[in-house]
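Trainee: Could we go through some helix packing together? I'd like to learn how to read it.

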Amino acid sequence: MTTITEQLTVVDDRSVFVSADVCHEAGLTLPAGADRPVFENDLWDFTAVIGLPNQMSKVSRRFDFAAIINTDWRQVAKEQVVAMLAPRHDAVAPLPRAYRTPLHLATVFGRLAELTRFLNWLTGRGVTALADVDDQHCQAYLAHRRYLRDENGVVVGELSPATRKAAAQVVVDLANYRELFSTDQVRAGWSPWQGAAPSAVAEMPSRAGHNKTPPLNDAVLQPMLAAAGYLVTTLGTHAVELAHHIRDADRKFSIRSGEHRATSRVPTTEFAQLLADHERTGEPLPLLPEHHVRDRVDGGWATDDPLTPIALGLLARQAGITQFLSRWVPQLRDRIEATLAVVGAEKPFARGAAGVDRADGTGAVPWTPALHRAQAAALVGIVRTAAIITLAALSGMRSSELMELQVGCCRPPEHFGPDLLRYRLASKIIKGQPLGGTADEWVVIEPAYRAAELLERLHENPVNGTPLLGRFAFDVRYTWFRNWVNGPSGQRLGLAEIPDTPVNLRALRRTLAIELAYRPGGVLAAKLHLKHIAVATTEGYASRPGGAQAELLAEVNKHETDRNRDLLWAEYGNYQNGVLPAGPGARELTEFFAHIDVKLAPTDPAAPKTQRSDRDVLNLLTKRAQTLHLGTANYCWFTDPSRALCLKLAGTPDADKPLVGMCDSARCPQATHHPCHRPVWAEQARQSQTFLGGLGVTRKTERARLQTDHDRAVRVLKSIDDAANTKD
C-alpha cells in the first residue's frame, strides 16, 4: 500500500523518479502495511525500515525536504538522495562520477542536512538558480562553515575539518549529479575548486593508519572501573530489588494505574484503616519530594504545618482513592497527625536498606538512604550505567554492537572442567556490514558477562528479543555516573573520585587494545587481569576468525608491533649510551646492536660522513622486534624455539610462541634483563630475605629452596647493575 502523507511538491514531469516508491528503488524493506515514502512527498519517513541499527536515531530516519526554501531545489535534493540510495537505477548508473555503491541512510541524512543548509544559504544571498553558483560562492560558503558564531554573528571558534569536508562535498555532489537534475542544474563543465577532492579543500590532515582516539589515562581508568565494578557486584542485586519495588509501586499506586476509584466524600473509614495499618506495622508515612513541598508552601501551606511534607496523594491511593482533595484536610488532620506522631515520616523507597562494605574497606553502611521515586529511578540508572561501563571496557565492543544486544544475549556458560568456563554474548556487527548487520558472538570474561546479566535483570520488559540497551547517549550517562561517584552518595560508599575528564566508548575500546598490547600480564583495574581478557579475545577470534573480536585482536597486534619496536629502539639507545643488557641472552643482543652499528657505518673511510636517519635504524630493528615477548622480569627474544627453556620444560619444542609464564630467565639463553626489570628482582630479593628470616632451624628444605631463589635474585640484580655501569 502506498500512502502519500505530509506536504507535496509539484514534480516536473521530466524527472525520471516521478511517482517512484523510494524504498523499492533503494532496496529497503518495510513491514506489510507500513506507509511507503513516495518521490512526491516532502517528508520521507524511513522509521519502519527493517534492519536499521539501533544506533541510528529516529530523527535521522525522517528526511524533510520542506526545510528547503526554494521549491525547485527540493526536487533537486530528492533526485540526488534517490541517486545515492539507488546507484544501480537506469538513470543513475551511466553518470560518470556517481557513487557505485549505495550510501547508508545515516550518511545520506547527513548529506541532505548539509545540502539543505547550502541551498538555503544561497537563497539568503539572493541566488535563485544553480547555474549562477560560481567559485566565489563556494569559497564564501566554505568560509561560512569554517567558523562557529554566536547569535550576534561573532566568531567564537573554528569548526572541524570534517564539517568543512561535508560542506565541500555537497557542492561537489551537485556537479557530479548535474545531468540527473530536472528542475535546475549547475553550469555544464563547471568543477568546484578546480576538481580538488573535498578532503583537500577542507584541509583535512592525513591520518592513514593512525587512530586519533586517545586512550584513557590510568588516573581516570582505575577509579572509573573500580567504581563501576563495585556498583555492579555490591549494589547490583539491591538495585534489581529497588527496580522491582518501583515498578510494583507504579502499578499499585500510580494515578494512571486505573486501580483506584474517584470519590468526593471524605474517606474517613478508608484512611482510618490505612493509618491503623501504619501504626500496627510501624511503617512511616511517605514524604513528598522537596519540590512538591515548595509548591505547597507557595500555594499557602504553612512551613511548620506537620502535614505540609506528607505525600497525602500517595496515602489516598494506598487507601484505594484516586486523588486527595484539599478540602478533606480539616476532617482528616487529627487522625493523620496522630499516626505521624507514632510512626514518623520517611521517603517511600529503599527504607531500611541492607548494609554493605564500603569500597575503601573502612566499615559497613546501608547501601542507600531512603529515596523518593525519582531518586530511586536515578540510582537504578546509575547502576545500569556502571554495568554498561564494565561491559564496554572489558569486552571492547563498539557502541553500535552494544546497542544491538538483546535480552537473552547471555549464552549459557560452556563448561570445560572444574572452574573452567567460557562466557559468550550474542550481538551484531554493524560497522562495514550490510543493512541489518551480521550476527556474531563475543567471548568475554566473567565480570563482563555478569554485567550483561545485571542489565537483563534491570530491564523493564525482560522478554527475549527486546533490545537490552537500545540507543543511549553514553557521554550523558557517564557524566551522571561520575557526578554520582564524586558526590555525597559515592563518597558515603568510600568510592575514589574520578577526574573530570571526558570518556567515550571509542576511548574505552582503544584503551583496552593498548593495555592488552603494552601490559599483557598486568591489571586493568582491581581484580581485572589483562591476561584473562586476552585469552577470551583470542578464543573469540579462534571461534570466529572474521568476527568482531578478530578486528579487536588486529588492533592489539598492531599496538604490540609498535610497542616492541619502541622498546627495542630504547634498548638500542641504551646500548649506544653504554647501558648494556644483562642475562643469558645479553651477549647475543649486544652483538646484534653492534651488527647494526656496522651496517650504519660508511664502508669507504674516504667517503663523506652522512647522518643516518631514525628510519634507517628502525628498518634494521623491525625484524628483531618481531621476536620480542614481554615477561614480568625479563625480555624474551624468541629467535629459536629449539633453544627456549620454557618449551623444553613443557615438552612442546615446536611451539611458535614462548610460555612466558614458565620462563626461568636466569637460565634461558634467549632472556635478557634490563634496568626496567630491576624493581621486580629487588622486590623478589627482599621478600625471599624476609621469608628466610622467619624460618625455623628445622625447616631445612624450605630454607634451601628460598636461599636458592634469593641468591638468584641477588645475582640478577648484580648483573643488571654491572651492565648499566659500563658507561662509566
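**Helices and their neighbours**

Mentor: Let us begin with α14, where Ala448, Tyr449, Ala451, Ala452, Leu454, Leu455, Glu456 and Leu458 are buried, buried meaning under 20% relative accessible area, with exposed over 50% and partly exposed in between (1.4 Å probe, protein chains only). Keep in mind that this is a predicted model, in which local features need pLDDT of at least 70, side-chain atom pairs count only at pLDDT 80 or more, and totals for chains, interfaces and linings use all residues. Residues are numbered from 1 along each chain as its sequence is written, and side-chain values use heavy atoms, with hydrogens and water left out.

Trainee: What covers the buried residues of α14?

Mentor: The cover includes the helices α7 (218-253) and α12 (373-395), together with the strands β10 (421-429) and β11 (438-444); helices (H or I, at least four residues) and strands (E, at least two) are DSSP runs, numbered from the N terminus.

Trainee: At what angle do α12 and α14 pack?

Mentor: They pack at an angle of about 150 degrees, with their axes 8 Å apart; axes are lines fitted to C-alpha atoms, for helices over the stretch in contact, and angles run from 0 to 180 degrees between N-to-C directions. That makes α12 roughly antiparallel to α14, because angles over 145 degrees count as roughly antiparallel, under 35 as roughly parallel, 65 to 115 as roughly perpendicular and the rest as oblique.

Trainee: And which residues of α12 and α14 meet?

Mentor: On the α12 side they are Val380, Val383, Arg384, Ala387, Ile388, Thr390, Leu391 and Leu394, and they meet Pro447, Ala448, Ala451, Ala452, Leu454, Leu455 and Leu458 in α14, where contact means heavy atoms within 4.5 Å. By class, this contact of α12 with α14 has 13 nonpolar, one polar and one charged residues; Ala, Val, Leu, Ile, Met, Phe, Trp, Tyr, Cys and Pro count as nonpolar, Asp, Glu, Lys and Arg as charged, and the others, Gly among them, as polar.

Trainee: How many residues of α12 are buried?

Mentor: In α12, 17 of the 23 residues are buried, so this helix is largely enclosed by the rest of the structure. Just after α12, Gly396 takes a positive phi of about 75 degrees.

Trainee: New topic: how do the axes of α23 and α24 cross?

Mentor: The axes of α23 (residues 678-694) and α24 (residues 700-724) cross at roughly 150 degrees and come within 9 Å, which makes α23 roughly antiparallel to α24. By class, their contact has eleven nonpolar, five polar and five charged residues.
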